[in-house]
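Please look over the sequence and the coordinates before reading on. The paragraphs below are meant to be read with both in view.

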Amino acid sequence: MNKIQGFYYVKSENNVYECKLRGILKRKESKDNCVVGDIVEISEDNSIINVEKRKNLVERPLVANIDYLVIQFAAKDPDIDYERLNLLLLRSFYYKITPLVIINKIDLLNDHEMTELKKGLEFLEKINIKYFLISQKENIGIEELKLFLKDKITAFGGPSGVGKSSIINLLQNEKKLETGETSKRLRRGKHTTKDTNLLELIGGGYIIDTPGFSSVELPDIKDAQELIALFPEFSNRGDCKFNNCLHLNEPSCAIKEAVKNGEILEERYNFYKKVYEKLKQERWNKYE
Ligand code: GDP
Ligand code: ZN
């Protein structure tokens with residue numbers, strides 16, 4: 001949160017207002033009572049008087065209401081690390097942020113490699129995740145991406161060297177937010193920040209430019225059922241024999257059945273087993 005000497009910067013359609021928190025919000029004494037990305041209501045004297053219910057909240061960096069997490073890789077140089085892609089997807093589902101996958105540098109591929117890439121990404125379609133094949137260098141797919149991110153709050157994650165900074169520079173607006181307007185009546189607006197982590201997009205919307213979203217640390221998943229819920233393709237299958245089935249060694253398991261007949265990708269199931277084992281060994285056992 002970029003709180004400058006106790007001021008909050010609230011953007012409405014046409015203006016940015018420099019605001020203070022009203023006493024009742026301030027008294028909560030919590031660092032997340034009003035954060036970057038919040039949709040707020042302000043009064044005539046530029047006080048924030050209400051914070052709307054959030055659709056999500058990330059703690060590091062402290063930001064609310066993120067629409068998309070762009071998970072970016074390069075088609076080549078460096079090659080796609082599918083395990084890392086799966087980890088970033090898992091984090092995205094954990095934080096209730098819709099993931100989008102961007103594969104940049106497609107200018108480096110020949111036709112055969114392009115076919116292979118599309119095959120490798122088929123699993124995303126199965127779990128309804130949109131992906132973009134783009135080249136920042138040759139301006140391929142950029143316009144479609146811009147339209148998609150318009151008026152949204154988007155965070156970027158992925159390894160270094162895949163062209164994240166190049167894309168962010170391309171999307172970002174040159175225009176700086178002006179501050180200091182006085183509000184004349186009640187307005188609603190997106191709570192925003194003067195600089196650092198929220199960058200305004202050319203066509204409207206914001207990009208959050210902080211390295212936090214590239215982290216591949218496993219989030220604070222409490223138990224196996226919470227982990228299972230982070231695999232969208234595991235839901236709406238038939239019933240397993242056991243109610244609390246972990247989909248590992250149990251008999252008559254609907255998930256293992258779906259893996260066998262190709263409805264769930266083997267790579268995704270193996271990734272589930274790997275994360276399960278890791279969490280069990282490194283975290284859950286400690287509480288037993
Ligand atoms: P970041 O570390 O993810 O922020 O990546 P950068 O934006 O610094 O880019 C890493 C390298 O990839 C730079 O040398 C860029 O010139 C190069 N690069 C970025 N986009 C493209 C692209 O579309 N095609 C090719 N061939 N190279 C690119
Ligand atoms: Zn099962």
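The model is predicted, and accordingly local features need pLDDT of at least 70 and side-chain atom pairs count only at pLDDT 80 or more, while totals for chains, interfaces and linings use all residues. Residues are numbered from 1 along each chain as its sequence is written, chains are lettered from A and ligands numbered from 1 in the order in which they are written, and side-chain values use heavy atoms, with hydrogens and water left out.

The secondary structure of the protein chain comes to nine helices and 13 strands, where helices (H or I, at least four residues) and strands (E, at least two) are DSSP runs numbered from the N terminus. Of the 288 residues, 47% count as buried; buried means under 20% relative accessible area, exposed means over 50%, and partly exposed lies in between, with a 1.4 Å probe and protein chains only. Among contacts (heavy atoms within 4.5 Å) that have a separation of 6 or more, 68% come from residues 24 or more positions apart.

Helix α2 covers residues 82-94, and its 13 residues reach 18 Å from the first C-alpha to the last, close to the 18 Å expected at 1.5 Å a residue, the expected span being 1.5 Å times one less than the number of residues. At the start of α2, a side-chain oxygen of D81 comes to within 3.2 Å of the backbone nitrogen of E83. The buried residues of α2 are L85, N86, L87, L88, L89, L90, R91 and S92, and they pack against several elements, including β7 (68-74), β8 (98-104) and α9 (266-282). F93, which also belongs to α2, counts as partly exposed because its relative accessibility is 22%. Not counting residues up to four places away in sequence, F93 touches P99, I129, L230 and P232; of these partners, L230 is 137 residues away in sequence, although the C-alpha atoms of F93 and L230 are 5.8 Å apart in space. The helix is followed by K96, whose phi is positive, near 60 degrees.

K96 is also among the contacts of N56, which, leaving aside neighbours within four places in sequence, is in contact with V63, A64, N65, I66, Y95, K96 and I97. N56 has its place in the loop between β4 (47-51) and β5 (57-58), and it counts as buried because its relative accessibility is 5%. A polar atom of the side chain of N56 lies 2.9 Å from the backbone nitrogen of I66.

Most residues other than glycine have a negative phi, and most peptide bonds are trans. A cis peptide bond, with omega about 0 degrees, joins R60 and P61, and P61 sits in the loop between β5 and β6 (63-64). Another cis peptide bond, again with omega about 0 degrees, joins D77 and P78, in the loop between β7 and α2 where P78 lies. D77 itself is not a glycine, yet has a positive phi of about 50 degrees, and it counts as exposed because its relative accessibility is 53%. D151, in the loop between α5 (142-149) and β10, has a positive phi near 65 degrees and counts as partly exposed because its relative accessibility is 48%.

Turning to the ligands, 15 residues surround ligand 1, the closest being D107, G161, K164, S165 and S166; a residue is near a molecule if one of its heavy atoms lies within 4 Å of it. A polar side-chain atom of S165 is 2.4 Å from an oxygen atom of ligand 1. An N or O atom in the side chain of K105 lies 3.0 Å from an oxygen atom of ligand 1, and a polar backbone atom of K137 lies 3.0 Å from an oxygen atom of ligand 1.

Ligand 2 is a zinc ion, and its protein donors are C240 (SG), C245 (SG), H247 (ND1) and C253 (SG), lying 2.1 to 2.5 Å from it; donors are N, O and S atoms within 2.8 Å of the metal (3.2 Å for Na, K and Ca), and sites may look incomplete because water is not among the atoms. Along the chain, the donors follow the spacing C-x4-C-x1-H-x5-C, and both C245 and H247 are buried. Ideal angles at a metal are 109.5 degrees for four tetrahedral donors.

Terms used
Polar contact = N/O pair within 3.5 Å; in protein donor to acceptor, adjacent residues only side chain to side chain.
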